Amino acid sequence: MLDIALYRNPDILQAQLRVDSAHGERRIADALPNPTYLGIPGNPYQYGVSLPLDLTPERLYRTRAARQGQAATELSRRDVVRLVTFNVRQAFYDLLLADAQRATAREQRDIFTRLLAADSVRLRAGDIPQRDVVKTALEVARAEGALARDEVAVHGARLALQALMGAAAPDTGFTITGSLDSTPQLTLPLDSVLPLALGQRPDLAATHALADQGRSLTSLAAANLFPIPVVSVVYQSTPFASGLRYAFGVSVPVPLFYWNGGERQRARAGLAAAEVSVQRTRAQIAAEVALALDDFRSARALTQRYQSGLLQQSAAALESSRFAYEQGAASLLELLDAIRTYGETRAEAYGAAHDAWVGAYALSRAVGADIVRE
């Protein structure tokens, strides 16, 4: 599923196209200038060829800046992959949670339905009053409504997951396999995630690459003050005054009226902005890691509490209340409260497991590397 998303997700496809465009920009920067051929009609007719000597510092900084721009674009693509990977995993667990909540709603509906059938028999026997049957019928209607809402939520979660997978025609019958019965485990200690994030996050590496490109562009703006010489050769059928039919020439643009002040100012401003972006990204990474750590710790602790016996205790309490109600030792309100408590406990347990898994993958997203043990 994740492999399909990484292959077909529209955001990743667009990021790859930006990489391809950056590769084209690098090829443009690396390309040598073409010679210029000219013909001068007259008596005699002259032919000329001129070629810029693109061997100056301008070429060095131009090609370096293009390589750094391509590297930054590739790192940005990796960052898109990082974000899409988390979104797909979150959508997967959202669908698992929606399926689990629908199963809980269906189970509650079935419990109320069986209770209504049993109470109807007891009503005909005169063992319970009419109001108890009406109350149970109302609970059945509520359970049916909750189940219908959960069906809609499941369909929405399926469509959201398929959209991230790049499906051209999403299907509401799309199914997945998975479980919320386990607790996520990490492959490294929690106190080591921040240093790893600062070394692994592609968005931080991309800002460093853009800062390096800004330095190269600043040097390029200064290097443009050194003109690129253009050498030329002219041929004519009758000899020149030198007695040769060939004449050589060199031309250079002279920065007389304009000294690239605007380009240098723009490059300095771009470099300063890139350096600010580096600092801001580092601060954002530290904040993301701290929040992800807190969310994961709290969700995992809550999940472990539910899985340590709370679900079994709520199920046992429901069976005890059901038996007591059938024996006349408990009221209908007590049984309905036990049924609702059981359903709420299951729903909360599934929600906690969902939050723990999503929190673990959010921590992986904050780190920029897969640290969840599958």
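With which residue does Glu 139 form a salt bridge, and how far apart are the closest N and O atoms? In this predicted model, for which local features need pLDDT of at least 70 and side-chain atom pairs count only at pLDDT 80 or more, totals for chains, interfaces and linings use all residues. Residues are numbered from 1 along each chain as its sequence is written, and side-chain values use heavy atoms, with hydrogens and water left out.

The partner of Glu 139 is Arg 340, and the closest N and O atoms of this salt bridge are 3.1 Å apart, a salt bridge being a side-chain nitrogen of Lys or Arg within 4 Å of a carboxyl oxygen of Asp or Glu. The pair links distant parts of the chain, since Glu 139 belongs to helix α4 and Arg 340 to helix α8 (residues 332-367), 201 residues apart. Helices here are DSSP runs (H or I, at least four residues), as are strands (E, at least two), and both are numbered from the N terminus. Glu 139 also meets Lys 135 in a salt bridge with an N to O distance of 3.6 Å; because these two residues are four positions apart in helix α4 (residues 130-164), about one helical turn separates them.

A search of the whole structure finds 22 salt bridges. One of them joins the side chains of Arg 82 and Asp 203 at 3.7 Å, N to O, and this pair likewise links distant parts of the chain, with Arg 82 in helix α3 (residues 57-124) and Asp 203 in helix α6 (residues 202-223), 121 residues apart. Arg 82 and Asp 203 are both buried. Through shared partners, salt bridges join Asp 79, Arg 82, Arg 201, Asp 203 and Glu 288 into one network.

Helix α3 also holds Asp 94, which counts as partly exposed at 32% relative accessibility. Neighbours within four places in sequence aside, Asp 94 is in contact (heavy atoms within 4.5 Å) with Ala 157 and His 354. The C-alpha atoms of Asp 94 and Gly 351 are separated by 9.4 Å, although the two residues are 257 residues apart along the chain.

For the protein chain as a whole, eight helices and six strands are assigned, and along the sequence these follow the pattern α-α-β-β-α-α-β-α-α-β-β-α-α-β. The radius of gyration is 36 Å, well over the 21 Å that the globule rule gives for 374 residues, so the chain is more spread out than a compact globule; the radius is taken over C-alpha atoms, and the rule is 2.2 Å times the number of residues to the power 0.38. Along its principal axes, the C-alpha trace spans about 130 × 45 × 35 Å. Of the 374 residues, 38% count as buried, and among contacts with a separation of 6 or more, 77% are between residues 24 or more positions apart.

Technical notes. Buried means under 20% relative accessible area, exposed over 50%, partly exposed in between (1.4 Å probe, protein chains only).
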